Amino acid sequence: GYFEKNYIEKISELIKQKKSKIIDYGIHTHCKNIPMGFPTIHDNLKDYKKEEMERIVKWYKNKLEKITKKKVFTHRAGSYAIPNLEIIDEVLGKNNLTIDSSYLNRDYSVPIKLEKINEIPPATSKKYSQKLRVFSPEQMSFKEMTKFYATAKKHTDNLVINFHSFSVYGDMGIKKKL
């Protein structure tokens, strides 16, 4: 998890085990305590100056490309915490990223074409986004997901489902199988 001392090494090992031509990896920015040469006391990307955000994204991109040996072109901010879309467009564009999936204030996953990037929001609705809830197995019951999917497919051909390591491994810190 995030508090693991050897997090980069453990992620590297996991990625090496999952060699695949069809898997693409993207950046998920949690910023607290990453080694940047400036204080990284905040976890959310939106809490940094634009130049600092650019350096943070570049650091993550370089690390992930080195580990995966693949081009990285996607991003999602931790806690969906981004500044306005114009700033995120510039920050990600400067780092040659083309897709972001952080903007919660949009129903379903209806894409937004910006100048440099495409924003493909996480699948949510304004009702759920107010509570930072998205279409994912750890945040919605099966019944909620089924109902949400039926409604969403009437509005968009895109549906972004968020999976975390705790989605896959199943306890989200509460030691019960999801």
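Modeller: Two strands are taken to pair if DSSP finds at least two bridges between them, strands being DSSP runs of E of at least two residues and helices runs of H or I of at least four, both numbered from the N terminus. This is a predicted model, in which local features need pLDDT of at least 70, side-chain atom pairs count only at pLDDT 80 or more, and totals for chains, interfaces and linings use all residues. Residues are numbered from 1 along each chain as its sequence is written, and side-chain values use heavy atoms, with hydrogens and water left out.

Colleague: Which strand is joined to β4 by 2 bridges?

Modeller: The open sheet is mixed in its pairing and has 5 strands in the order β1-β2-β3-β5-β4. Its edge strands, β1 (27-29) and β4, each pair on one side only. Ile-112 has Glu-119 as its bridge partner, and the antiparallel strand joined to β4 by 2 bridges is β5 (residues 118-119).

Colleague: Is Ser-109 buried or exposed?

Modeller: Ser-109 sits in the loop between β3 (99-100) and β4 (112-113). Buried means under 20% relative accessible area, exposed over 50% and partly exposed in between, with a 1.4 Å probe and protein chains only. Because its relative accessibility is 0%, Ser-109 counts as buried.
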